[in-house]
Amino acid sequence: MRISEQALHTVVSAILTACGSSSAETRIVADHLVMANLTGHDSHGAGMLPTYVKSIQAGLLKPNTPSELVKDAGSIMVFDGQRGFGQRVAREAMDLAIARCHETGLVLMALRNAHHIGRVGSYGEQSIAAGLISLHFVNVTDHPPLVTPYNGARARLLTNPVCFAMPATGQHPAALLDMATSKIALGKARVALLAGKPVDEGCLVDAQGQPATDPRLLLAEPRGALTPFGDYKGFGIAFFCEMLAGALTGGGTIQPGNKAHGSIVNNMLTFIVDPARLVDVDWMKREIDALTDYILGSPAVDESRGPVMIAGTPERQAMAERQGAGIPIDANTWQELQEAARAVGLDPQQLPGPAS
């Protein structure tokens, strides 16, 4: 099935409003979720909303809660998300950190105790729009571990994403790398589960650490687990996400001494840089253009996979396609959205739906 961008935004907004979110908060969260779907990241899109509803009902996600600046030391800023909607509190923290970076040239921003912040690339896009460069390291707490360490049979980490953002030049669009440190994000396994499909080989192990492809193993007891990308390299980056985003922000890590309540809490450590403080920006852009042209000039090994691309290109391609043809949504995800609507007192029949 396909659903239009406008129809999905209407459904998401109605559910958020029924949860008690203000109109401003509803707009921020709905814009974020639908944009994730438009850019091909269904794992972080509207399908997350039923999980958010359950967290609200359990008192683990608090609508209409702003980020709080708890430490302000010039170029160092620390925010507490207070279990508010991550999409809201992270955007607020980035807005203030970007404004500060224009003054200081460099900001180290810590955000702790935010409910699920969603697609981290959204915050890289904020810095890109401001002409700044940003690096983001994120960890996940308040949730059972889901990712094995390298050569480990049992989960000890979560998907711990990283994001790097570089503004556009005159010849090339912005470069935006946003990825989990597991081979696939949990949300992608959820999408596969709801669609009744296996995950790719190498992405999942069963409870004994043996290779598997059935995403239902992530829900079975004893649970299976996702695997780190790049073997020990991805595991090493994920471990540093725990230390940087978890320990250095004050938000905490996945270690079992920190009690988990069963929601999704993110901590994020972000570096924001004004390139004009380091280098002549026109020269930098020419250098980036020359490098990008050189890389894109490499012949593809497998023509069926398309040409060599720079990070951010697949998202732009997905948006162009989905804005025209609609956003794909499987029957199980749509059913979960309808059930979430009922849970907050809405009649799903009164909401727009997908086309068959």
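Tutor: Partly exposed is the class between buried, under 20% relative accessible area, and exposed, over 50%. Keep in mind that this is a predicted model.

Student: How does that apply to Phe271, and in which class does Phe271 fall?

Tutor: Phe271 has 29% relative accessibility, so Phe271 counts as partly exposed. Phe137, at 15% relative accessibility, counts as buried.

Student: How do I read a pair of aromatic rings?

Tutor: Such a pair is described by the distance of the ring centres and the angle of the planes. A search of the whole structure finds five aromatic pairs. One of them is formed by Phe137 and Phe271, with 6.4 Å centre to centre and 90 degrees between the planes, an edge-to-face arrangement.

Student: Where in the chain do Phe137 and Phe271 lie?

Tutor: Phe137 is in strand β5 (residues 133–141) and Phe271 is in strand β11 (residues 265–273). They are 134 residues apart, and the pair links distant parts of the chain. Phe137 and Phe271 also belong to one aromatic cluster, together with Phe164.

Student: What are the distance and the angle for Tyr150 and Tyr232?

Tutor: The ring centres of Tyr150 and Tyr232 are 5.9 Å apart, with 65 degrees between the planes. This aromatic pair is edge-to-face because the angle is over 60 degrees. Tyr150 sits in the loop between β5 and β6 (162–166), while Tyr232 is in helix α7 (residues 232–247).

Student: How do I read a salt bridge?

Tutor: Side chains of opposite charge can pair when their charged atoms come close. The structure holds twelve salt bridges. Among them is the one between Arg322 and Asp42, whose closest N and O atoms are 2.8 Å apart.

Student: Which parts of the chain does the pair of Arg322 and Asp42 link?

Tutor: Arg322 is in helix α9 (residues 313–325), and Asp42 is in the loop between α2 (23–38) and α3 (49–57). The two are 280 residues apart and join distant parts of the chain. Both Arg322 and Asp42 are buried.

Student: What about Arg83 and Asp142, and how far apart are their closest N and O atoms?

Tutor: In the salt bridge of Arg83 with Asp142, the closest N and O atoms are 3.0 Å apart. Arg83 lies in the loop between β3 (76–80) and α4 (86–104), and Asp142 lies in the loop between β5 and β6, 59 residues apart. Arg83 is buried because its relative accessible area is 14%. Asp142 counts as buried too, at 7% relative accessibility.

Student: Which residues are linked in a network of salt bridges?

Tutor: Glu25, Arg88 and Glu92 are linked in such a network.

Student: Finally, which residues form a nonpolar patch on the surface?

Tutor: Leu291, Tyr294, Ile295 and Leu296 form the patch, and together they have about 410 Å² of accessible area.

Note on methods:
Residues are numbered from 1 along each chain as its sequence is written. This is a predicted model: local features need pLDDT of at least 70, side-chain atom pairs count only at pLDDT 80 or more; totals for chains, interfaces and linings use all residues. Side-chain values use heavy atoms; hydrogens and water are left out. Patches are made of residues with over 30% relative accessible area and no salt bridge: like charges are joined within 9 Å, nonpolar side chains (Val, Leu, Ile, Met, Phe, Trp, Tyr) within 5 Å. Accessible areas come from the Shrake-Rupley method with a 1.4 Å probe; for residues, only the protein chains shown count as cover. A salt bridge is a side-chain nitrogen of Lys or Arg within 4 Å of a carboxyl oxygen of Asp or Glu. Rings of Phe, Tyr and Trp (its six-membered ring) pair if their centres lie within 6.5 Å; planes under 30 degrees apart count as stacked, over 60 as edge-to-face and the rest as tilted. Helices (H or I, at least four residues) and strands (E, at least two) are DSSP runs, numbered from the N terminus. Buried means under 20% relative accessible area, exposed over 50%, partly exposed in between (1.4 Å probe, protein chains only).
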